[in-house]
Amino acid sequence: MTRVEGGGDMDNKLTERLQRALLRGDPGAVSACLQVNRRDEITAIKDSVLREMTQAVLLRKVPFCQLVAVCQAAEPLYDAAQPSVACCGALSGCMSPATQSIMVMLLHGWGVPTLDMGLDNSADAILCAVRKHNLRFVVCTAFTSDEAASIHEIDEKAAALGLRPSLKLLLGGVAPKAVLPVDNTDFRVASVAQEVADAWIK
């Protein structure tokens, strides 16, 4: 695991302590790290751990559950008071509600202010949230091409409303062979949250 460079022994100890807490999936230990009142540095360390873990998952070096555990542990770092920039919801007919919860957890792990839309969302419901909260990202979850077909409806209606140029549509959980008007090139759940986080930071 890469170390975030600091200014001495205290920085190294904080880095190692936080990395251990994240890799153990221990939110209590992560909360304890916040007591040193160095949130920006702690967030940078967390993001470094998440970035390396995501790449390890994509390369099949570690199981996906380890990334989920890191994001669970990072929950104390999530600032729920920030205005949402993204929404995450399962599309109508989605047969895997667990994916929705995991996708929200990953977005929270990266610190992306996310509106949890829950299950069985229509295109109209999602676009209503986009307009109400001025969202920049829509992350939908689905596990079959049939379930994911409603992303076409979101795309078409967003374009008709003039929202599409400023709105990024992403899909987590569907087979990568599906031909869909989404903006992410990788449909694996692990990478979608990092892609949103990177675009949000920019």
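## From a central strand to the helices around it

Begin by selecting V138, which stands opposite L169 in the strand β4; here helices (H or I, at least four residues) and strands (E, at least two) are DSSP runs, numbered from the N terminus. What you have open is a predicted model, in which local features need pLDDT of at least 70 and side-chain atom pairs count only at pLDDT 80 or more, while totals for chains, interfaces and linings use all residues. Residues are numbered from 1 along each chain as its sequence is written, and side-chain values use heavy atoms, with hydrogens and water left out.

Next, select β3 together with β4 (residues 168-172): the two strands run parallel and are joined by 5 bridges, where two strands are said to pair if DSSP finds at least two bridges between them. One of the partners to look for is G172 in β4, which is bridged to T141.

Then select L22, L67, M103, L107, V112, V139 and V196, the residues with the most contacts inside the largest nonpolar core, which has 39 residues. Such a core is a set of buried Ala, Val, Leu, Ile, Met, Phe, Trp, Tyr and Cys residues joined through side-chain atoms within 4.5 Å. Among the elements that each supply at least two residues of this core are α1 (9-24), β1 (86-91), α5 (97-109), β3 (137-141) and α9 (189-201), but α3 gives the most, with 7 residues. In soluble globular proteins, nonpolar side chains tend to be buried together.

From there, centre the view on V112, which, leaving aside its neighbours within four places in sequence, is in contact (heavy atoms within 4.5 Å) with Y78, V85, A86, L107, V196, A197 and W200.

Turn now to the helices α5 and α9, whose axes (lines fitted to C-alpha atoms over the stretch in contact, with angles running from 0 to 180 degrees between N-to-C directions) come within 9 Å and cross at roughly 35 degrees. To see where these helices meet, select T99, M103, L106 and L107 in α5 and V189, A190, V192, A193 and V196 in α9.

Which helix holds I154? Its place is in α8 (residues 151-160), and I154 counts as buried because its relative accessibility is 0%. Leaving aside neighbours within four places in sequence, I154 is in contact with L91, A123, I126, L127, C140 and L169.

Finish at K46 in helix α3. Is K46 buried or exposed? K46 is buried, because its relative accessible area is 2%, and beyond its neighbours within four places in sequence K46 is in contact with L18, L22, A74, L77, G109, W110 and G111.

Terms used: Buried means under 20% relative accessible area, exposed over 50%, partly exposed in between (1.4 Å probe, protein chains only).
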